[in-house]
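Welcome, and please open your viewer.

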Amino acid sequence: MASPQRENGFTAISNELLSAFLLAELTGTELTVVLFVMRQTYGYQKTSDEIAISQFTKNIKFSRRGIIDALNVLQRRNILICLKKGDRTGASNVWKINKDYESW
């Protein structure tokens, strides 16, 4: 039986920002990707995080291509910001949520 408890971890997000996501008309994949980035950042009291595509595919039940497409759309819409591009040495992209929802 599942029994989630706040003391086992939680993600704090302002109601204002959450409402903006509800009004953003995101697809299911896009919303799921945003929620995962939120968990990886705000859920660990960080504003950004290095997230590999393999982390997305391990934690999200969408195809790799679907996740990459969603990341591209979210970046074009200015909802997610890629602070640093990964490279072939093993570094991954560094992502953050753009809290200025008026710029979406």
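Is tyrosine 101 buried, exposed or partly exposed? Select tyrosine 101 and show its surface: with a relative accessible area of 29%, this residue is partly exposed, because the class covers values between 20% and 50%. Keep in mind that you are looking at a predicted model.

**Stop one: the aromatic rings**

A pair of aromatic rings is described by how far apart the centres are and by the angle of the planes. The structure has three aromatic pairs.

**Stop two: a charge over a ring**

Next, pick arginine 6 and phenylalanine 10. Arginine 6 lies over the face of the phenylalanine 10 ring, 4.1 Å from the ring centre.

**Stop three: the sheet**

Switch to a cartoon view and find the open sheet, where three strands pair antiparallel in the order S1-S3-S2. Strand S1 (49-50) and strand S2 (80-84) are at the edges with a single partner strand each, so one side of each has no neighbour in the sheet. Follow S2 to S3 (residues 94-97): four bridges join these antiparallel strands. Here isoleucine 81 stands opposite lysine 96 in S3.

Finally, select helix H4 (residues 64-76), which packs on the sheet and touches S2 and S3. The direction of H4 makes about 95° with that of S2.

How values were computed. Residues are numbered from 1 along each chain as its sequence is written. This is a predicted model: local features need pLDDT of at least 70, side-chain atom pairs count only at pLDDT 80 or more; totals for chains, interfaces and linings use all residues. Side-chain values use heavy atoms; hydrogens and water are left out. Rings of Phe, Tyr and Trp (its six-membered ring) pair if their centres lie within 6.5 Å; planes under 30 degrees apart count as stacked, over 60 as edge-to-face and the rest as tilted. Buried means under 20% relative accessible area, exposed over 50%, partly exposed in between (1.4 Å probe, protein chains only). A charge sits over a ring if NZ of Lys or CZ of Arg is within 6 Å of the ring centre and within 35 degrees of the ring normal. Two strands pair if DSSP finds at least two bridges between them. Helices (H or I, at least four residues) and strands (E, at least two) are DSSP runs, numbered from the N terminus. Contact means heavy atoms within 4.5 Å. Axes are lines fitted to C-alpha atoms, for helices over the stretch in contact, and angles run from 0 to 180 degrees between N-to-C directions.
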